[in-house]
Amino acid sequence: MSSSDDKVIFHIDVNSAYLSWEAVYRLQHGEKQDLREIPSVVGGDPKTRHGIVLAKSIPAKKFKVQTGESLYTACQKCPNLTIISPSYGLYMKCSNALVSILKEYSSKVQRYSVDECFLDYTSMNVLLGSPIEAAHKIKDRIYKELGFTVNIGISTNKLLAKMASDLKKPNRVHTLFPNEIKSKMWTLPVEDLYMVGRATAPKLHKMGIYSIGDLATADVDLIRYRLKSHGVMIWNYANGFEASKVRVNNYIHRKGVGNSTTIAYDVTDVENALMILLSLTEMVAMRLRNMGSLCRVVSVSIKTKDLKKYSHQRKLFSPTDSTNDIYIVVKKLFEEAWQNEPIRHLGVRISEICTDEFYQTSIFDGPNLERKRSLDSAIDDIRLKYGLKSIGRGSFVNSGIKPIIGGVGADDYPMMSSIL
DNA sequence: TCTGGGGTCCTAGGACCC
DNA sequence: TCTGGGGTCCTAGGACCC
């Protein structure tokens, strides 16, 4: 092996995460039936019948229920299907418990998503044994202490480690070292490669590329000509070339924060739309302040009844974290963009995040800035202490719209405990 | 089968400057 | 004001991920 192959990277992937976590939680709270042993799915909102399958049990898979399909079609395939609504708070706790075990094996742990982590095991051999031994130890410990299974992929970079953990599930350790690429990876269909999705796969097929090996051995100039820089990236991946670092997560580096919602009915009037947008803005702004950050770009997205999508964004003159300031822009953007069509889905997103540490107040912000900021932060404190519903705007009281809509990301609640 | 919600990155085109 | 071309900033939209 050459010196660039010196790194040892693990990718840890929770098997059917949401479903496993629901099953473990329920068993620990006295339920007799293990969700993993019956046809069951996590997903959607059973009340509105909206939504899709987020995770499925192996028995549900036998009925050909697929991740991403609507609950309606899933029920048609499998009439006895048990449907569980997702509880993201529980998943965050499980994810935190996983991360804290991993951190005992290396200080370099990157949470890639709620159910996937990278771990840099380079030069830990001396202390903790060979990579394969350590991976088995980690896998078995997670099962013993937390009750769910994981796959662990081992290689010399993140891409190969991730491809390895995907090989055969569940409860497995796989290696995919550079000398195993041909036998273990090139034989797979090209759509199994990370970053080859619904739009890219058909383009590759048209070029006669069906396996990862076909892509790896194709002429890179031709790939570049047809698929631009994205093509060069996946060609590199197919050859196992990837060199990004396992970086310890830091939510300061987040690029944007957004929340969106599909509405149970079609919205046809400005008042209702604005009420929903205000509710989304409340959540987004609170998350932003929770990060100790400011934003410079505000964007509103609209999806119509017939699934037409459009968005409108604007760069602000000076950065802000104020709910009111953001909402004023949101309102303007919506009124400029909306073409009077029935609305199915609305979203608010802020980006160009910067730290508020050295924030200089612009003279255009006026004398009320500090007052606005302290009001926002007082409300945040109450919400964090007594729950999101404890305080809301008067205008929502009889509207039938929740004063806060939207979920949170992995690093939004660092104070959340790691206990399952 | 008409498809949820949270992200990131890239590209293309227009405005504007020199 | 006829023309060219390079650079940057901004916005909209698409592709991918989990």
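## Nonpolar cores

Phe10, Leu119 and Leu215 touch the most other members of the largest nonpolar core, which holds 63 residues. Such a core is a set of buried Ala, Val, Leu, Ile, Met, Phe, Trp, Tyr and Cys residues joined through C-beta atoms within 7 Å; buried residues have 20 or more other C-beta atoms within 10 Å of their own, with C-beta atoms placed from the backbone. Helix H4 (residues 88-102) supplies the largest share of this core, 6 residues. A second, separate core of 32 residues includes Val257, Ala285, Cys295 and Ile350.

The model is predicted: local features need pLDDT of at least 70 and side-chain atom pairs count only at pLDDT 80 or more, while totals for chains, interfaces and linings use all residues. Residues are numbered from 1 along each chain as its sequence is written, and chains are lettered from A and ligands numbered from 1 in the order in which they are written.

## The open sheet

An open sheet of 5 strands has the order S5-S6-S1-S7-S8, with mixed pairing; strands are DSSP runs of at least two E residues, and helices runs of at least four H or I residues. Two strands pair if DSSP finds at least two bridges between them. The edge strands, S5 (109-113) and S8 (173-175), each pair on one side only.

Strand S7 (residues 150-155) pairs with S8 in the parallel sense over 3 bridges. Ile152 has Val173 in S8 as its bridge partner.

## The surface near DNA strand C

Around DNA strand C lie 18 residues, of which Ser113, Gly197, Ala199, Thr200 and Lys315 come nearest; near means a C-beta atom, placed from the backbone, within 6 Å. Strand S11 (residues 309-320) gives the most to this surface, with 7 residues.

Conventions: Buried ≥ 20, exposed ≤ 12 C-beta atoms within 10 Å, placed from the backbone.
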